[in-house]
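Have a try at each task before you read its solution.

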Amino acid sequence: MGEKSRKGGWCGWIIVLIVVAAAAGAIVVLVKKKHNGSSPDAAPVPGPPGSPTKKYADALKTAMQFFDVQKSGKLVNNKISWRGDSAVKDGSQAKVDLSKGMYDAGDHMKFGFPMAYTATVLSWAILEYGDQMKVVDQLEPAEDSLKWITDYLINAHPKDNVLYIQVGDPDADHKCWDRPEDMTEERPLIQINASVPGTEVAAETAAAMAAASLVFKSSDSAYSSDLLKHSKQLFTFADKYRGSYSENIPKVATYYNSTGYGDELLWAASWLYHATGDQSYYDYATGKNADSFGNFGNPTWFSWDNKLAGTQVLLSRVSFFDSKGTSNSETLQEYRKTAEAVMCGLLPKSPTATSSRTDSGLIWISEWNALQHPVASAFLAVLYSDYMLTSRTAKITCNGDAYTPSDLRKFAISQADYVLGDNPSKMSYLVGYGDNYPQYVHHRGASIPKDADTGCKDGWKWLDSTEPNPNVATGALVGGPFLNETYIDSRNNSMQAEPTTYNSAVIVGLLSGLVTTSSVVQSFT
């Protein structure tokens, strides 16, 4: 009887322990499910930035220098030996100082639409990967380059409903081949206003300023507040006076024609929501405007013209980290579903993978500036991968097939490695990186010796010279290969050999995401 009693008590305690353990397990599972939809089979959340990958660290340091190559105005701490002060009187005829900013490409134009996009993407890269940039001493150069643009954008917005969107006449500019320091041609201005609206440019500039306000919030609160003030004013202007700048000012369409402004309105509202926490901006992006402009379920390519894929990833961030208490949750999920459709299209083994690729796997959409799309796509992929890792989201599903954050990162790496020389030509398309990169970049300043006494008309001999550029446009991301993966290294081949400043923003973003690994911040504020 005594033996039986002891055994019964022992069994009873075992049962109690099993019940307690089961209850504890259930609580853990419940907590995990509540924590941003995390999954028990998800990869561990990365910690602080680890040791950098030398290849990407070197490439990032190289890429960052092209912003210095492109700077206009009176230079400060100039690091490019063959550059000097230029365009210091830009804007003077309107009594505004538009001397700063950056030249668009190999020419001397300042186009506000792609320049603002450059600032938005560079801000995004800093906000997501500033800690990783810092590991390789590139955070300060990134912030310096960003401020060089935002200083210009602030001055370009002298009144609530006025924004200067272009400096220079492209027809006159392209009739010259000269160094920016030696320019003598007139520099006319183009503005948008209430009578001649340009919603996409005003909204993109609002997005840039909202994103940049977050970058400078802790280091320069007064400057951050000023940026946010301009951003709010520009967003109101863009929304109240709707109209495409390409239609209202037809001559701008020759170079940066807009295919619509709805994406920029959603993009700007999303950035303003992140910058302010103001629910009205969230409601703008997820309410009736989302129905009008969201194009849900249809993946698009992220570029200076189309911000939908970027907006979908940016608002997915809210879904991953801050969905508690947000309204219009069904619309928020539509953004995330479409972002995942974008990711599924990029993954090469996905059932819905895009066929728009070279034989070696580079995303390829356009002959002109071919590299802008694969690099921008890879930047979004590494962002989405890191959102998944940080939120412990194990997978996305593409027509029934599951893919992990690692799969997205592998895709991003494949595009970056192609750019850096892992391609059939064994050429680095990032000038100054590696041993084999383009020598005949379509870039006036790089092609003309610093001490040459050259004006507008007699500089064409440098375009036609058979000698490599005397100056290296370090960090330039050239246009890139044709679909057959060939590249013609010729200064006259602007289709392939001309770099753009906005290309630099996306390659800096991509390389900053790959230089090491860490968890992303769950909030920008």
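Predicted model: local features only at pLDDT ≥ 70, side-chain atom pairs only at ≥ 80, totals over all residues.

Residues are numbered from 1 along each chain as its sequence is written, and side-chain values use heavy atoms, with hydrogens and water left out.

**Exercise 1. The core**

Find out how many residues the largest nonpolar core has, and which have the most contacts inside it.

Solution. 
- Start with the term: a nonpolar core is a set of buried Ala, Val, Leu, Ile, Met, Phe, Trp, Tyr and Cys residues joined through side-chain atoms within 4.5 Å. Buried means under 20% relative accessible area, exposed over 50%, and partly exposed in between (1.4 Å probe, protein chains only).
- The largest such core has 152 residues, and Trp124, Trp271 and Met343 have the most contacts inside it.
- Helix α3 (residues 112-135) gives the most to this core, namely 13 residues. Helices (H or I, at least four residues) and strands (E, at least two) are DSSP runs, numbered from the N terminus.
- Now look around Met343: beyond its neighbours within four places in sequence, Met343 is in contact (heavy atoms within 4.5 Å) with Val313, Leu380, Ala381, Tyr384, Ile396 and Leu408.

**Exercise 2. Helices α6 and α10**

Describe how α6 and α10 pack, and by which residues.

Solution. 
- Two packed helices are described by the angle between their axes and the distance between the axes. Axes are lines fitted to C-alpha atoms, for helices over the stretch in contact, and angles run from 0 to 180 degrees between N-to-C directions.
- For α6 (residues 199-215) and α10 (residues 262-276), the angle is about 20° and the axes are 8 Å apart.
- This makes α6 roughly parallel to α10, because angles under 35 degrees count as roughly parallel, over 145 as roughly antiparallel, 65 to 115 as roughly perpendicular and the rest as oblique.
- The contact includes Ala203, Ala207 and Ala210 of α6, and Leu265, Trp271 and Leu272 of α10.
- By class, its residues are 12 nonpolar, 3 polar and 3 charged. Here Ala, Val, Leu, Ile, Met, Phe, Trp, Tyr, Cys and Pro count as nonpolar, Asp, Glu, Lys and Arg as charged, and the others, Gly among them, as polar.

**Exercise 3. Two further pairs**

Work out how α4 lies to α7, and how α16 lies to α20.

Solution. 
- α4 and α7 (residues 221-240) pack at about 50°, with their axes 11 Å apart. That makes α4 oblique to α7.
- Lys147, Thr150, Asp151 and Ile154 of α4 meet Tyr223, Asp226, Leu227 and His230 of α7. This contact has 3 nonpolar, 2 polar and 3 charged residues.
- The axes of α16 (residues 405-419) and α20 (residues 501-514) come within 11 Å and cross at roughly 125°. These two helices are therefore oblique to each other.
- Arg409, Ala412, Ile413, Ala416 and Val419 of α16 meet Ile507, Leu510, Gly513 and Leu514 of α20. Here the classes are 7 nonpolar, 1 polar and 1 charged.

**Exercise 4. Positive phi**

Are Lys95 and Asp137 buried or exposed?

Solution. 
- Most residues other than glycine have a negative phi.
- Lys95 has a positive phi near 60° and sits in the loop between α2 (54-69) and β1 (110-111). With a relative accessible area of 77%, Lys95 is exposed.
- Asp137 also has a positive phi, about 60°, and lies in the loop between α3 and α4 (139-155). At 61% relative accessibility, Asp137 is exposed.
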